[in-house]
Amino acid sequence: MTEQEIRTMVNEILEEYFEIERDKLLPEMNIFEDLELDSLDIVDLVVAMQKKFRVRIRDDERIKSIRTLEDIYLFILALQEEGVSPGA
Amino acid sequence: MPGSRVRHVCSHEFTEEEIEEAVRSSRLLAIEIELGPGGNARCSSGYLSKRSTSKNELSRREVREVILQARDLGARKVSILGGEARGYPRIAEMIRFVRSKGLEVEMLANGAGITADFARELFANQVRVVLKMDPSSQDAQDVLAVTEGRFDLVQQGFRHLKEAGYPSDEAPLEVGAEEPESSLRGHGCMQHKFSCLICSQGDVIPCVGLSIPIGNVREQRLYDILKDSEVLEDLRNYRQRIKGPCGACEEADTCYGCRGAAYRLTGDYLASDPLCWKNADRQNEIARLPFPIAGIIPQERPMRIIDDLLETGERSGEVSATVSDEMPFVDEDGALDEAAYFELMAQSIAALNGFKQLGGSESSSKGYLVGAQKIEILGTARVGDTLNIYVEKDVRFGKFAVVKGTVSRNTKVLARGEIKIWHDTEDVRGPAGPGD
């Protein structure tokens, strides 16, 4: 999976599950302040990413450090490089 | 040799130090793999053959792949199980493959399919053969194989093994009869610390007795299955989670009883071993399913609207509830309000967690229902209906958990969906598993 594919799929999650408009999905956007996700939404985000990317994220500590959309892209990319994702 | 107990699964040739190191580094020492759905006899102790069919078996490529995954996790031995592995296509090729990767091979057989050529192949590859055979009488052997006339074939297979060179230091042979109900490991087993069993269709189960599927190798890597399994996590933390007398036994450091016996006889893999001689007079201290829920969740009647815990599984369970007119969610027409479905699911998952902690040393955490989604309401429950609620933990993240639930009346699904639970604790469950 290429980096661009990961970005596209993450954006699809945010559009589909959270109904965030595409033009707001910029890498520098803070997911809490700009995209208005809350802690309950993060749980849904984790669920959606697990299903979309066929990974198990569970208690990965790096989730707690995610602040921007770019952080999410890099997190999924890191999982792929670690061989966590069977879709990689 | 005759009459000695047959060990179906990996015998403990691993040292205590090796086992402890495997546990510390969350790796495997061995795997068991079921090749072939049944066998050339309906074996009375062919536990796996009873649950498998010939449909959708793992391909040879898939079998090789999972063996390589197990090797990468540290496995040094592959035990081949099944009704009669000799009937598996190109079994000799598979054995040579395993050996070429540096792993030892152990094979359970009833002997009937062991030709002279196959026996030589086994010997050449230094396969440890575990032969189910009762040489005492033809009737006994036929009973063991559940097929009249197998005695001669089994004897012939044994003869072929001897002629091929068995037993030797490099190619051991173990022979013995097995009691019909004893395809289970016994005292001091603890093989779940370093082994697992891959069934012919890809399900991974802890062992032949504890047959709860914890994942499927077609859907996940073996590493992830073992890492994510709550059943295996419970077994690794057995000192805190075993219920009843086994938890306080003076030998608990090295023994947790037979988890397979506990599961098969009580429905609870964390129950004390009902077959252990030490528990012979303590059967009333061993919890069995179905288990009454009163007391294992905080709610009391009428707010408690579930009745019995029926089954437990890998992060899942099933509960029963009978709708009564005392329930707060029932209207004057006797219909159960749709909102009750969420509460049924929430209380069911609470019951599952509460039951696991029953009698253990860990304290339970309070959970709060904080959301619901993907809800489908397909029918209405009414006073007098007996409902079955199936719940499955889908995701855990920090203090949150997402639980999938289904509420059914007989075979009709009345509601399904996901609920979100927030736990009042530092962590929902600590991580454990390979690589942690």
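A:Glu19 is found in the loop between α1 and α2 of chain A, where helices (H or I, at least four residues) and strands (E, at least two) are DSSP runs numbered from the N terminus. Its phi is positive, about 55°, although A:Glu19 is not a glycine. A:Glu19 is also exposed, with 7 other C-beta atoms within 10 Å. For burial, C-beta atoms are placed from the backbone, and a residue is buried if 20 or more others lie within 10 Å of its own, exposed if 12 or fewer, and partly exposed in between.

A quick word on the model. It is predicted, so local features need pLDDT of at least 70 and side-chain atom pairs count only at pLDDT 80 or more, while totals for chains, interfaces and linings use all residues. Residues are numbered from 1 along each chain as its sequence is written, with chains lettered from A and ligands numbered from 1 in the order in which they are written.

**Chain A**

Chain A has three helices and zero strands, giving the pattern α-α-α along the sequence. Its C-alpha atoms fill a box of roughly 30 × 25 × 20 Å along the principal axes. Of its 88 residues, 23% count as buried. Take contacts (C-beta atoms, placed from the backbone, within 7 Å) between residues at least 6 apart in sequence: 63% of these join residues at least 24 apart.

How confident is the predictor here? The mean pLDDT (confidence in each residue, from 0 to 100) of chain A is 86, and 92% of its residues reach 70 or more.

Chain B holds an open sheet of seven strands in the order β9-β10-β11-β13-β14-β15-β12, with antiparallel pairing. The edges are β9 (291–292) and β12 (367–377), each with a single partner strand, so one side of each has no neighbour in the sheet. Strands pair if DSSP finds at least two bridges between them; β11 (residues 316–322) and β13 (residues 386–397) of chain B have seven, in the antiparallel sense. B:Glu318 stands opposite B:Tyr390 in β13(B).

Which helices meet these strands? Helix α2 (residues 39–53) of chain A lies across β12, β13, β14 (400–409) and β15 (412–423) of chain B, at about 90° to β13(B). Helix α12 (residues 339–356) of chain B packs on the sheet too, touching β9, β10 (308–313), β11, β12, β13, β14 and β15, and its direction makes about 70° with that of β13(B). Those axes are lines fitted to C-alpha atoms, for helices over the stretch in contact, and the angles run from 0 to 180 degrees between N-to-C directions.

Most residues other than glycine have a negative phi, and most peptide bonds are trans. B:Ser26, not a glycine, has a positive phi of about 55° and sits in the loop between α1 (16–24) and β1 (30–34) of chain B. With 20 C-beta neighbours inside 10 Å, B:Ser26 counts as buried. The cis peptide bonds below involve prolines in loops.

| Cis bond | Omega | Loop holding the proline |
|---|---|---|
| B:Tyr166 to B:Pro167 | near -10° | between α7 and β5 (173–176) of chain B |
| B:Leu289 to B:Pro290 | near -5° | between α11 (259–266) and β9 of chain B |

Definitions and conventions. Contact = placed C-beta atoms within 7 Å. pLDDT = per-residue confidence, 0-100.
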